[in-house]
Amino acid sequence: MESPSLLRRLGAFVRTEWRHLTTINPSTRRWQMPLAAALACGLPLAVGAGFGRLDYGLISSLGGLAFLYLPNTPLHHRMVWMMACSFGMSASYAVGAIGHFMPVLMVWMLSFVAIVVTMVCRFYRVGPPGSLFFVMAASIAAYTPGTVEEIPLKVGLLTMGVLLAALIGFLYSLYILRLQPAEPVAPLPPPTFDFVVFDAVVIGVFVGLALAIALALQLPRPYWVPVSCLAVIQGVTLRAVWNRQLHRVLGTALGMLLAWAILMLPLTPWSVSLLVVILAFIIESTVVRHYGFAVVFITPLTILLAEAATLGHAVPAELIQSRFIDTVLGCLVGLVGGICLHSPRFRTVVGEPLRRLLVQRTSR
């Protein structure tokens with residue numbers, strides 16, 4: 001009697017998961033936004049290719065991700081918001097670049113960045129991608145080889161990238177606001193301890209834990225593990241966390257095949273910049289409709305942004321295998337973190353002592 005009942009429950013579970021996996025969300029995003037985002041990421045690479053310094057272009061291209069924080073508000077609010085996010089990207093990258101020379105403190109540094117940035121993003125109700133790209137900038141900077149003397153140069157290059165993103169955001173806004181009205185600036189709801197502080201601390205701890213596990217396993221490129229963890233744990237609900245990690249793992253698996261095909265091509269600095277533009281355009285056109293489908297293209301894009309300067313010395317099979325392992329590990333840690341984050345019992349057991357501790361510290 002139990003076997004048919006078990007099969008029915010299993011069948012219902014599979015149908016539910018398949019429905020969540022294949023659901024395509026509606027979107028009102030115009031094609032001009034993905035094009036502007038693609039240019040913000042790709043133009044720095046083209047400039048770097050023109051000067052024969054693709055490594056410089058890659059750093060500035062990372063700053064181009066600041067464009068994705070552009071809100072659909074009036075022009076004055078858009079530009080203030082963009083400049084604030086640009087400063088956050090530059091500051092996060094600078095902290096990561098400095099942390100590269102203090103490997104003992106690397107886990108604490110990345111946890112600190114994740115906590116602070118997540119607090120700020122939650123206080124000001126920053127929408128997706130939230131704190132993801134700030135932590136990503138710090139994580140990549142922490143594992144980019146170089147000397148102490150190169151820190152100002154690298155931070156300057158990233159700052160030039162975010163300034164270009166702000167300029168593209170300004171020109172894009174002038175055009176798009178003629179086609180559709182701006183959304184009003186919504187008043188910020190009162191911040192709560194659980195949403196702003198407790199969630200940020202838990203997220204930061206699990207981001208640091210993801211990096212610590214990657215270092216303990218001696219993974220060759222540990223920076224991607226905490227980024228994958230953060231991408232999953234930011235889900236609004238436990239169902240969103242589960243869907244996100246499932247989409248990310250399956251999308252990454254398919255993206256590995258696409259990345260393999262791309263890495264087999266005779267890549268040049270100019271072709272890399274063109275590929276980044278194409279991939280970024282596809283991602284921003286589809287990510288609001290289906291996250292898993294977008295991840296298929298996110299995988300080769302992130303490999304190009306992080307590894308393009310050393311592709312001539314890297315073995316594609318090892319690079320792809322490493323990225324898949326990093327993604328799966330990060331998603332598992334993020335899933336555990338999401339379960340804790342959305343557990344009422346965990347919030348009671350950990351949240352109340354944390355609240356008392358912080359209140360005692362700040363009242364002195």
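**Close-up 1. Buried residues of helix H5 in the predicted model.** In this predicted model, the residues of H5 that are buried comprise Met-106, Met-109, Leu-110, Ser-111, Val-113, Ala-114, Ile-115, Val-117, Thr-118, Cys-121 and Arg-122. Four helices receive the packing of these buried residues: H4 (75–99), H6 (132–142), H8 (193–216) and H9 (224–233).

**Close-up 2. Extent of helix H5 and the residue that follows.** H5 covers residues 106–123, 18 residues in total. The distance from its first C-alpha to its last is 26 Å, close to the 26 Å expected at 1.5 Å a residue. Just after H5, a positive phi of about 55 degrees is found at Arg-125.

**Close-up 3. The contact of helices H4 and H5.** The two axes, those of H4 and H5, come within 10 Å and cross at roughly 170 degrees. Because this angle is over 145 degrees, H4 is roughly antiparallel to H5. On the H4 side, Ser-92, Val-95, Gly-96 and Gly-99 take part, and they meet Met-106, Met-109, Val-113 and Val-117 of H5. Classified by residue type, this contact of H4 with H5 has five nonpolar and three polar residues, with no charged residues.

Close-up 4. Gln-32 belongs to H2, which spans residues 32–50. Its relative accessibility is 9%, so Gln-32 counts as buried, the cut-off being under 20%. When neighbours within four places in sequence are left aside, the residues in contact with Gln-32 are Tyr-172, Tyr-175, Ile-176 and Leu-179.

Methods
Residues numbered from 1 in each chain as written. Predicted model: local features only at pLDDT ≥ 70, side-chain atom pairs only at ≥ 80, totals over all residues. Heavy atoms only, no water. Helix = DSSP H or I, 4+ residues; strand = E, 2+ residues; numbered from the N terminus. Expected span 1.5 Å × (residues − 1). Buried < 20%, exposed > 50% of the residue type's maximum accessible area, 1.4 Å probe, protein only. Contact = heavy atoms within 4.5 Å. Axes fitted to C-alpha atoms, helices over the stretch in contact; angles between N-to-C directions. Parallel < 35°, antiparallel > 145°, perpendicular 65-115°, else oblique. Nonpolar A, V, L, I, M, F, W, Y, C, P; charged D, E, K, R; others polar.
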